[in-house]
Amino acid sequence: MKAILFDRFGGTEVLREADIEVPQPGPGQIRVRVKASGLNALDGKIRSGMLEAVYPTTFPAVPGGELAGVVDALGEDVTDVRVGDEVLGWSDTGSYAEYALATVVAPKPAGLDWQQAVALPVAGATAERVLNLLGVTAGETVLMHGAAGAVGTLAVQLATARGARVIGTAGPANQDYLTSLGATATLYGEGLVERVRALAPDGVDAVFDLAGKGALEDSIALRGGTERIVTIADFGAHQLGITFSSSPGERSAAGLAALAQDAATGKVVTTVTAYPLAEAATAQQVSDAGHVRGKLVLTLD
């Protein structure tokens, strides 16, 4: 099968297309003919070697942690999925490939296309995890730094669905986008504290940092301390006494199925930019540079 792999750490130049063996499902696993693969910032960090202590890599490695596609084969003891089912979920093997193995998947609703489906597993679980860590409830105001990306797109909507108000930061090009998601949009950068205080005179109740670009000091100023601030992007958080959440969240088939239904009916919206599998290096370059609106995905077929 065709796959994208890398056999040394480095920039996107280490990614290459190759023919490798089709993986065989073990007990409890399914094999999926991949239609779309989700691309996450984590993929580039693993490729560079910066997260080797957390995510050890065995070369050659195929990137990718989420997929959407058609069930192709079943391992032993799999009873809730059938060959031919259309699914989305988390990949056990790299998903930048024509076939990948998976253990936790949800049915793909008929009204949800492959690209929209693959935007949900990692981003949805991460957003839900951090909102739970922060204890976000109705009537509260949540500040989200870098809210226009894949996780932010869903986090804004999930927080507002809880009855919270979201103030989301982004660059000039994404102000209208955040507003369309239900957030109160404002620019990041110099003067942020004053802008947020003008928008929320009574203060913000929680802060979700998705940007990782020097926003934590402003967050502490706005919260009056480090309580109820969580980052998924700033690796220096511990030096400030702030929680860094490295987990992508619980792999819940039931939770993903519910989110997929909401996406299929338009209750939750996603935004994707797609690249063919062969252009994975270009897509990771875009991801590495940041400022991505919504989700980057790789398509097959």
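**Contacts, burial and charge pairs**

Mentor: Leaving aside residues up to four places away in sequence, T270 touches Q116, A119, L120, T153 and L154; contact here means heavy atoms within 4.5 Å. Keep in mind that this is a predicted model, where local features need pLDDT of at least 70, side-chain atom pairs count only at pLDDT 80 or more, and totals for chains, interfaces and linings use all residues. Residues are numbered from 1 along each chain as its sequence is written, and side-chain values use heavy atoms, with hydrogens and water left out.

Trainee: Where does T270 lie?

Mentor: T270 is in the loop between α8 (253–265) and β13 (272–276). Those names come from DSSP runs, numbered from the N terminus: helices are H or I with at least four residues, strands are E with at least two.

Trainee: Why is T270 called buried?

Mentor: Buried means under 20% relative accessible area, exposed over 50%, and partly exposed in between (1.4 Å probe, protein chains only). T270 comes in at 16%, so it counts as buried.

Trainee: What makes R31 and D72 a salt bridge?

Mentor: The term needs a side-chain nitrogen of Lys or Arg within 4 Å of a carboxyl oxygen of Asp or Glu. For R31 and D72 the closest N and O atoms are 2.5 Å apart, and the pair forms a salt bridge. This one links distant parts of the chain, with R31 in strand β3 (residues 30–39) and D72 in strand β4 (residues 66–74), 41 residues apart.

Trainee: Are those two partners buried or exposed, or something in between?

Mentor: R31 has a relative accessible area of 12%, so it is buried. D72 is at 29%, so that one counts as partly exposed.

Trainee: How do you know that E86 and K108 pair up?

Mentor: Their side chains meet at 3.5 Å, N to O, in a salt bridge. E86 lies in strand β5 (residues 86–91) and K108 in the loop between β6 (99–107) and α2 (114–118), so the pair ties together parts 22 residues apart in sequence. E86 is partly exposed because its relative accessible area is 36%, while K108, with 11%, is buried.

Trainee: What about E140 and R228?

Mentor: Again a salt bridge between side chains, 2.8 Å from N to O. E140 sits in the loop between α3 (121–134) and β7 (141–145), R228 in the loop between α7 (216–223) and β11 (229–231), and they are 88 residues apart. E140 is at 15%, so it counts as buried; R228 is at 22%, so it counts as partly exposed.

Trainee: And how many salt bridges does the structure hold?

Mentor: Eight.
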